[in-house]
Amino acid sequence: MSFLDLVRNAFSNLRRRKLRSFLTISAVVIGASLVSLLVSLGIGAQQFLTAQIKAMMPPDTVMVASSKEAFDIGLGGVGFGNAPEEVSDDGGVPFSLEPLTLQEIEAVRALEHVERVDPFVRLTAESVKLQGSDKNFRTRIRPMPQYQVEDTELVAGRYLTEGSRRECIIANQYLDSFGLEQPEDAIGKEVIIRVRQAISFIGLPSEVMDYNFGIVGVTEKTLSSTQIIISIEDGMEISRFWADNPAWYTDDIPPAILQVKLEDSGYADQVAQAVEDLGLGAITSNDVLGLIGTIFTIIQTVLSAFGLIALGVASLGIINTLIMAIYERTREIGVMKAVGASRGTIRLLFTMEGVIIGFLGGIIGVGIGYALGLAINSISHTTFLKDFETFNISTFPWWLMVGVIALSTIVALAAALYPAHRASRLDPIEALRYE
Amino acid sequence: MIELHDVWRLYRMGGETINALASIDLKVSEGEFVTIVGPSGSGKSTLLNIIGGLDTPTMGRIEVDGQDLSKASDRELSLYRNKKVGFIFQTFNLQPTHTALENVSLPLVFAKVPLWRRKRIAREVMKTMELSDRLRHKPNQLSGGERQRVAIARALVNDPKILLADEPTGNLDSKTGEQIMELLTRLNKERGITLLLVTHDLKIADYADRMLRMLDGQIAEAVDRRQAL
């Protein structure tokens with residue numbers, strides 16, 4: 001029996017019991033649409049976070065510090081999957097980042113595939129306000145090297161020029177805070193960034209300094225909704241005041257963290273290894289993305305488990321439908337055997353029916369999942385994700401569609417095996433006598 | 001053509017062993033018309049099923065057209081049923097949801113004949129059965145005689161050497177039954193198809209070259225009507 005005839009026969013049998021076929025397929029559809037929709041939401045969220053992290057830490061850079069643990073301090077002690085480290089009684093103070101030595105910095109600069117090395121400037125600003133207004137807002141000052149600034153998408157204005165001073169690019173969300181209608185309205189305005197010294201003496205109010213910056217650009221909407229991008233040079237100046245240490249970022253106290261730009265993102269792991277061979281610590285965006293990937297794998301597994309349970313229940317429906325079909329078609333199976341169908345052929349006939357149920361259910365399910373995803377995207381863009389028009393919370397890569405269709409087909413195939421086996425074992429003589 | 005040597009077929013039924021066939025020796029030559037008569041439970045249908053490759057003997061040897069059926073695998077037996085023999089049943093056993101043409105085509109499906117050729121061959125065979133105006137009819141739109149002719153067309157569609165008929169006139173009125181018998185006799189005489197026919201109607205046995213009377217799984221009597229005449 002040819003493959004085409006098997007498919008034809010399966011379809012004609014499914015048509016014979018339309019309602020039952022519809023219900024059986026529907027169960028598969030529910031499972032397949034659940035799996036595909038839930039996974040697509042996971043993928044969408046992961047892609048969004050990944051893009052955000054890449055904006056904060058470009059894939060063609062490596063962060064270098066005296067040790068890997070140093071980053072942990074900088075990131076608030078995430079741990080990167082390692083067991084918590086033991087610290088001495090006077091150790092583990094959050095601000096005690098060990099500066100690199102000049103020799104170490106030179107050694108990093110001399111590594112192969114390193115294009116340029118910038119200090120990673122840390123500072124905390126207290127607030128920001130628009131010149132002429134008295135409303136203060138929270139802010140996060142991001143001193144960035146030129147090339148990284150240029151990776152940021154702007155909706156108005158221009159990038160900072162190399163070595164420019166007192167120019168800044170503000171996050172899109174400040175438009176709302178500042179009460180500006182259009183991104184263009186912000187260009188040319190000034191903001192005042194207030195910085196309070198990190199360490200104050202007990203009983204004394206800490207010192208405060210205001211810095212004026214001209215707005216030259218506005219970013220598109222991202223998760224970094226409080227960031228104000230300034231040049232490294234401005235950053236170092238403010239940081240010296242913030243830390244109350246004029247030697248910061250000079251040869252006396254070199255930077256503790258370096259942002260190393262590579263010729264290509266493909267060298268990231270190689271350079272990170274070379275940095276570690278120098279006895280220093282390095283992290284790449286892959287490290288961070290890998291961590292996020294692990295988290296999302298877990299989330300997606302849990303989410304798709306619901307759909308998988310639905311698919312499992314659907315497979316019981318398939319078994320039931322096919323066993324019913326054996327009873328209905330006992331005589332027909334007998335006739336088929338009498339005119340030349342082997343056991344294998346009968347087995348194939350029933351297996352193919354299951355496969356078609358799973359395949360159709362998978363296709364329709366993915367279609368419904370996709371449509372629901374589109375609906376969720378369009379609803380989210382007018383409500384809770386209004387600020388992120390470019391972000392689709394439901395994302396359907398081709399492999400998800402193919403994967404879910406294949407999964408439901410395989411589940412249905414597995415469900416059909418037992419009924420198919422049973423049908424093939426029917427004694428033709430008994431079957432022909434069956435009323 | 002058909003040779004059975006000491007063929008036994010035993011069934012177990014509630015701890016009891018039943019000899020459906022007990023030491024059957026039989027030779028049927030090519031083009032012969034043999035009827036098998038006997039009371040129900042005498043083993044006539046079992047004999048037919050074993051010759052048709054639907055059942056296998058518990059002991060003994062059966063050879064058809066040089067092929068040893070007692071040692072054949074399921075796949076070989078299905079091929080044999082598909083190509084060498086055609087079954088005709090008392091209850092026609094047509095597929096009610098399929099058209100007459102589709103019913104006739106069924107053996108060709110398992111012979112892996114492509115769809116367009118299936119239709120052509122089936123139409124050809126139905127023409128010889130005078131069913132050309134009944135191609136698209138479903139079995140319930142056909143008379144009893146027409147249904148049996150569709151079933152005969154299905155049995156003939158792969159051009160078999162042997163026809164096995166189990167009470168082919170049992171569900172028909174006597175006039176239609178006669179027509180079917182004439183049709184089968186003609187197929188036997190004109191096309192040289194070996195015909196084995198199970199019946200308990202002695203009048204039908206008159207059509208045959210040879211009549212076997214079965215009792216308790218054994219051939220109790222064999223009447224060669226050609227010699228008798």
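This is a predicted model: local features need pLDDT of at least 70, side-chain atom pairs count only at pLDDT 80 or more; totals for chains, interfaces and linings use all residues.
The domain assignment divides chain A into two parts, listed below.

| Domain of chain A | Residues |
|---|---|
| domain 1 | 3-52 + 292-433 |
| domain 2 | 58-284 |

Between the C-alpha centres of domain 1 and domain 2 of chain A the distance is 50 Å.

An open sheet in chain A is built from four strands, in the order β2-β10-β1-β11, with antiparallel pairing. Its edges are β2 (114-119) and β11 (281-284) of chain A, each of which pairs on one side only. On average, neighbouring strands of the sheet are turned by 25° against each other, direction ignored. Strand β1 (residues 61-65) of chain A is joined to β11(A) by four bridges, and the two run antiparallel. Within this pairing, Ala65(A) has Gly281(A) in β11(A) as its bridge partner.

Helix α10 (residues 285-328) of chain A packs against helix α13 (residues 398-424) of chain A, with axes 9 Å apart and an angle of about 30°. Because angles under 35 degrees count as roughly parallel, α10(A) is roughly parallel to α13(A). The crossing of these two helices, α10(A) and α13(A), is right-handed. By class, the residues of the contact between α10(A) and α13(A) are 14 nonpolar, two polar and one charged.

Key: Residues are numbered from 1 along each chain as its sequence is written. Chains are lettered from A and ligands numbered from 1 in the order in which they are written. Domain bounds come from an automatic or database domain assignment. Two strands pair if DSSP finds at least two bridges between them. Axes are lines fitted to C-alpha atoms, for helices over the stretch in contact, and angles run from 0 to 180 degrees between N-to-C directions. Angles under 35 degrees count as roughly parallel, over 145 as roughly antiparallel, 65 to 115 as roughly perpendicular and the rest as oblique. A crossing is left-handed if the near helix is turned anticlockwise from the far one by less than a right angle, and right-handed if clockwise. Ala, Val, Leu, Ile, Met, Phe, Trp, Tyr, Cys and Pro count as nonpolar, Asp, Glu, Lys and Arg as charged, and the others, Gly among them, as polar.
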